[in-house]
Amino acid sequence: MTEYLVMMREDEHAHASQSPKAMSELIEKSATYADELRRAGRLKDSGRLRPSKEGKRVRREGDRLEVGDGPFAEEGKALGGYYWVQASSFDEAAELAAKAPVLPTDEIDVRPVMKGMCPKDKEAKPGKIFACAVLGSTKTEEAWVEVMDRIDEETRGRFPEASFLGGLRLEPPSSGRRIVTRGERRAMFDGPFLESKEVIGGLFFVRMSSIEDAVRWAAETPFVVHGALEIRELWRT
């Protein structure tokens, strides 16, 4: 089995416009979908992120630390949730992803996982859990891979031991597929997807008391020197 990350690129405006009943139904469908993946032995982990307007994006420009407030919806889409799945092939992973419940204006990205560590019961202890998306911005995929390699090398073994809850690094964008809705059907497109200002290269999780604490920790890491970190709290299930 190979591992893949299915990322929900949500139209945050459309989600905010839904009635409470419609959103409750969508959340229930998402929970059912995750349960089906789990029962089939396909799900390693999943999570839903709080709105990007509540998040922070951290990077360094020389000696200056830049901390930006959300929302962070590029092209009208923001990372809203993920499913870390196992599949026998990319085609199977894409088929699993295509069944995920989303709004018509949402999109789904599927990328192979290069490496990762997913501890069991990461939500077993109380406290806030923050998803940290590792972002890089370059004009070419080759340059983007170099940035991700450098971040990987310089951050290895430097996570806060007491609060680190696992994470993963993704294969380059050209290895992925994007699923979009076209009327009554869903169409798939191959990567790369470097048209976005910043492209996700990995995702990891930390337990912190507040997003301000997460920002203070991130500010002292190479993540924000060579790229950026988007820090978003996970909804607790």
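Me: By class, how many nonpolar, polar and charged residues does the lining of the second largest cavity have?

Reply: A word on the basis: this is a predicted model, in which local features need pLDDT of at least 70 and side-chain atom pairs count only at pLDDT 80 or more, while totals for chains, interfaces and linings use all residues. Residues are numbered from 1 along each chain as its sequence is written, and side-chain values use heavy atoms, with hydrogens and water left out. This cavity is lined by L49, L79, A131, C132, A133, L203, E230 and R232, where a lining residue has an atom within 4 Å of a point on a 1 Å grid over the protein atoms alone. With Ala, Val, Leu, Ile, Met, Phe, Trp, Tyr, Cys and Pro taken as nonpolar, Asp, Glu, Lys and Arg as charged, and the others, Gly among them, as polar, the lining comes to six nonpolar, no polar and two charged residues.

Me: Where does the largest share of that second largest cavity's lining come from?

Reply: Strands here are DSSP runs of E with at least two residues, helices are H or I runs of at least four, and both are numbered from the N terminus. β7 and β12 each supply at least two lining residues. The largest share, three residues, comes from β7.

Me: What volume does the largest cavity have?

Reply: A cavity is a set of grid points where a 1.4 Å probe fits but cannot get out, and the structure holds two of 30 Å³ or more. Points are joined across faces, edges and corners, and the volume is the space filled by probe spheres set on them. The second largest cavity has about 30 Å³, and the largest about 350 Å³.

Me: Which element gives the most to the lining of the largest cavity?

Reply: Its lining has 20 residues, with R9, L79, L135, E198 and I200 nearest the centre. By class they split into 10 nonpolar, one polar and nine charged residues. β1, β5, β6, β7 and β11 each supply at least two, and the most, three residues, come from β5.

Me: Is R9 buried or exposed?

Reply: R9 is found in strand β1 (residues 2-11), and its side chain is joined to that of E107 by a polar contact of 2.4 Å. Such a contact is a pair of N or O atoms within 3.5 Å; within protein, one must be able to donate a hydrogen and the other to accept it, and residues adjacent in sequence count only if both atoms are side-chain atoms. Buried means under 20% relative accessible area, exposed over 50% and partly exposed in between, with a 1.4 Å probe and protein chains only. R9 has a relative accessibility of 10%, so it counts as buried.

Me: How far apart in space are I179 and E107, C-alpha to C-alpha?

Reply: I179 is in strand β9 and is buried, because its relative accessible area is 2%. Taking contact as heavy atoms within 4.5 Å, and leaving aside neighbours within four places in sequence, I179 touches partners including A94, A97, E107 and M188. I179 and E107 are 72 residues apart in sequence, but their separation in space is 5.7 Å.

Me: What is the omega of the cis peptide bond that joins G70 and P71?

Reply: Most peptide bonds are trans. P71 lies in the loop between β4 (64-69) and β5. The bond joining G70 to P71 is cis, with an omega of about 10°.

Key
1 Å grid on protein atoms, 1.4 Å probe; cavity = no way out; pocket = protein on both sides within 12 Å on 5 of 7 lines; lining within 4 Å.
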